[in-house]
2 protein chains.
Amino acid sequence: MKAPALDLDLPGPELTAKLCDIESVSGNEARLTDAIERELGDVAHLFLDRDGDTIIARTDLGRPERVVIAGHLDTVPVAGNLPVRRQGDHIWGRGTVDMKGGVAVALRLAAHVRRPNRDVTYVFYDNEEVESDKNGLGRVAAAHPDWLAGTFAILMEPTSATVEGGCNGTMQLDVTVRGRAAHSARWWVGSNAIHSAGRVLDRLRSYEPAEIEVDGLTYREGLSAVGIRGGIAGNVIPDECVIAINFRFAPSRSEEEAQEHVREVLGGFDVAVTDSAPGSRPGLAHPVVASFAAAVGGEPRAKQGWTDVARFSAVGVPAVNYGPGDPRLAHHDDERVDVAEILACEETLRTWLTTAP
Amino acid sequence: MKAPALDLDLPGPELTAKLCDIESVSGNEARLTDAIERELGDVAHLFLDRDGDTIIARTDLGRPERVVIAGHLDTVPVAGNLPVRRQGDHIWGRGTVDMKGGVAVALRLAAHVRRPNRDVTYVFYDNEEVESDKNGLGRVAAAHPDWLAGTFAILMEPTSATVEGGCNGTMQLDVTVRGRAAHSARWWVGSNAIHSAGRVLDRLRSYEPAEIEVDGLTYREGLSAVGIRGGIAGNVIPDECVIAINFRFAPSRSEEEAQEHVREVLGGFDVAVTDSAPGSRPGLAHPVVASFAAAVGGEPRAKQGWTDVARFSAVGVPAVNYGPGDPRLAHHDDERVDVAEILACEETLRTWLTTAP
């Protein structure tokens, strides 16, 4: 199928709408990646690389500093809220906040800022919303670490156009509750795994997540069931029930400490970690981070969600989150972005990349 | 695919094993029905009808009484326990108890009892283990009620070769718990439907099912979760969780009363009935039932599971359960039948059908 056309001369909000209407739920980014590759391939001042559905576009002006500006192309499943609709100051629909508004800003900068004061590496990557081993940024970091080299990274995750430092870690766990199958007419012969799973849900409901201060910013933890399944047939007592749990933990805990904590909370149950990614401390003391934060203005905040800033900080590249959209609306049925934030992010970044450092 | 061969001269236990090894999980009975149709089609004293995967075979000797002997051909899903294995006095595997032991007995009587003292209608039907609207016996009762006419019906469900009277009613319900989706990093913006579903499971766990005496037999009720599902993605707070529940209720409750009871137990939750079948009172006072019970000997018991005796009693035909196999092992991973019970059931029925009434 031919890649759809993208017009990078469109204003950021209109480009955001176009990007959202090219549906790209995780694993299905190819059409969007193809469209971006075609458009950026025509931009004379950029050098392109591609790995799977991830595109890297670089200026090569020999500047002493290099900024990486990155955004993921995938979204969580569409909730019947595409195509997007424009209503007053907002664009509504899946991806408007997380994070095609930020992708639109980065695409416009890539196409139109020909001689930035720092070299720029633009990264548009796949599979951020699923298991971390599929993540396009992680894949490129492992296969081509030189493609991501830089002095500083800006991840265009939604922050309502303020600087958000660091991020919580995230861990996926399965709790498996076992029982004994039997005919449901003689339920007392069996042991009902779904009934027993209620005790796990009781623990989750009564758990009180902590708020933890790290380097001056406050991180809020969370322990949530994100999936449950069990049952064999309508007349069989179920012998197994599996609860999928997501733990969001402050960057002051290591992955090992986070796991230990969940195992303590769910003591007595069969807990298996299926995926995990560490958090990232804010790092605002670094001079280049401080300079960018000053250009944006306002008070930096803690990033609650896990983001790929952790992948940069893990290899020693300071990184912050900065992008249009209220992060509380990410993955929400009412997902919508304020167009003013799209314009503000583009303007701030353009100024920072074109006026003397 | 050609129907597999069945040898109705094999002793009942061997025939049971053959029947079990022709896998026939509900909806997949065609091969077994074809095989039975082929064998009974060769029996000179029987007249055959077929509807879907249900076979009806009748003697037509002009006797004043007609006995219906019925058994279902389908099983619940195979739990890795086929082909069957013979070990000492037992045959192990899916279907041995529920209810191919009884089907083997009925097939042998059909083939070999040429001049019974009562006319006999043998019924081998499909889809008993699934939603009641798929049930082959129900389908035939609606489309060809004359095919099932009789003075008395014996359903060869497992009873450990004793007479079990009546049956509990059964009802399937879905409880839907709703929440509000959000990114799991900002769980406090959403409302977790799976966590809330824990309150439903708490109700089920603390519910104390009644034991209710009806016409001298004691029926044990049960309220069991038989399925649960919920969750959108590993990083999304789930907005819905559905719990499937099975209620087994004493034949003294009507379906309406049963539904009212469950709605009371689950007050405050969104409950929808998806399937329902009434129970059946024991009916042991009826002369023909009493005569058969005397021929079997021992003390009649209450049938805990719902069975199709309810379909016969609903149209005024007294019916009992009588067949080989311990009903507590039905649907169990350890399902196994005692070969002595297969032989005893055949012998009792053959004697009752061939000696003067």
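## Sheet, helices and copies in a predicted model

Visitor: What does helix H3 of chain B lie across?
Guide: Helix H3 (residues 96–112) of chain B lies across strand S3 (66–72) and strand S6 (119–125) of that chain, running at about 140° to S3(B). Helices (H or I, at least four residues) and strands (E, at least two) are DSSP runs numbered from the N terminus, contact means heavy atoms within 4.5 Å, and axes are lines fitted to C-alpha atoms, for helices over the stretch in contact, with angles from 0 to 180 degrees between N-to-C directions.

Visitor: And the ground rules?
Guide: This is a predicted model, in which local features need pLDDT of at least 70 and side-chain atom pairs count only at pLDDT 80 or more, while totals for chains, interfaces and linings use all residues. Residues are numbered from 1 along each chain as its sequence is written, chains are lettered from A and ligands numbered from 1 in the order in which they are written, and side-chain values use heavy atoms, leaving out hydrogens and water.

Visitor: How many strands form the sheet, and in which order?
Guide: In chain B, 8 strands form an open sheet of mixed pairing, ordered S1-S2-S6-S3-S7-S18-S8-S17, where two strands pair if DSSP finds at least two bridges between them. S1 (47–51) and S17 (301–302) of chain B stand at the edges with a single partner strand each, so one side of each is left without a neighbour in the sheet.

Visitor: Do S8 and S18 of chain B pair in the parallel or antiparallel sense?
Guide: Strand S8 (residues 164–165) and strand S18 (residues 319–321) of chain B pair in the antiparallel sense over 2 bridges, and B:Glu164 stands opposite B:Asn321 in S18(B).

Visitor: Switching to H7, which residues of that chain B helix are buried?
Guide: In H7 (residues 287–296) of chain B, the buried ones are B:Val288, B:Val289, B:Phe292, B:Ala293 and B:Val296, buried meaning under 20% relative accessible area, exposed over 50% and partly exposed in between (1.4 Å probe, protein chains only). They cover an arc of only 135° around the axis, which puts them on the same side of H7(B); the arc is that of the directions from the helix axis to the C-beta atoms.

Visitor: What do they pack against?
Guide: The buried residues of H7(B) pack against strand S7 (152–155), S18 and helix H9 (339–354) of chain B, whereas the face turned away from the buried side carries the exposed residues B:Pro287 and B:Ala294.
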